[in-house]
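Let's take a friendly walk through a protein model together. Have a look at the structure below, and then we will go through it piece by piece.

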Amino acid sequence: MTNPYLPPSHSDRDVHWHAYIERCCGAPGVHSTRDERLAQQPEETFRTPEGAAEWVGAMVAAYARKDEVRLIGPMGGVGQVGDPDHVMHERRESLVILLRGDSHYVDFRGETGRVHLWVEAVTPDECKEDIVHDGDDQ
Ligand SMILES: [Zn+2]
């Protein structure tokens, strides 16, 4: 029995995730649709929200343009996009969303234009038969 007082979770919803990375050229706001993405072989597939959140953090660390940012909050100071603190923050934010069984999209500035991460929550019905699941985080 699911507890009616708790928000839905990924296990109640029976979802897994298909993760795509898209480097954007073209006009701003032009990108693939969810249907187009789900028809393609994902970059990675995940069975757990933790695995998917880890991937988001790793992609930000790998592809974000390392701009300096002024940090707000009690400590202040200067940080860098894609530094360990920022990656930790992205991972945590992602996990909150993924634990609910939702899709999560992240957009950031890469070295040569915008980078989109699409982490699509997929039910067994939506998952195409020919998609290969590597299952390395099971
Ligand atoms: Zn799938």
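Start at A52, which touches W17, A19, F46, L98 and V119, leaving aside residues up to four places away in sequence. Here two residues are in contact if their C-beta atoms, placed from the backbone, lie within 7 Å. Before going further, note that this is a predicted model, where local features need pLDDT of at least 70, side-chain atom pairs count only at pLDDT 80 or more, and totals for chains, interfaces and linings use all residues. Residues are numbered from 1 along each chain as its sequence is written.

A52 belongs to the largest nonpolar core, which has 20 residues; W17, A19, A52, W55, V56, L117 and V119 touch the most other members. β1 (16–23), α3 (49–63), α4 (84–99) and β6 (113–122) each supply at least two residues of this core. A nonpolar core is a set of buried Ala, Val, Leu, Ile, Met, Phe, Trp, Tyr and Cys residues joined through C-beta atoms within 7 Å. A residue is buried if 20 or more other C-beta atoms lie within 10 Å of its own, exposed if 12 or fewer, and partly exposed in between, with C-beta atoms placed from the backbone. Helices (H or I, at least four residues) and strands (E, at least two) are DSSP runs, numbered from the N terminus.

Now follow α3 itself. Its 15 residues, at 1.5 Å a residue, should span 21 Å, and its end C-alpha atoms are 21 Å apart, which agrees; the expected span is 1.5 Å times one less than the number of residues. Buried in α3 are P49, A52, A53, W55, V56, G57, M59 and V60. These buried residues pack against α1 (10–13), β1, β2 (44–46), α4, β5 (104–110) and β6.

β1 and β2 pair over 3 bridges, and A19 stands opposite E44 in β2. β1 and β6 pair over 8 bridges, with W118 in β6 as the bridge partner of Y20.

Finally, look at H133, in the segment after β6. H133 is partly exposed because 14 other C-beta atoms lie within 10 Å.

How values were computed: Pairing = 2+ DSSP bridges.
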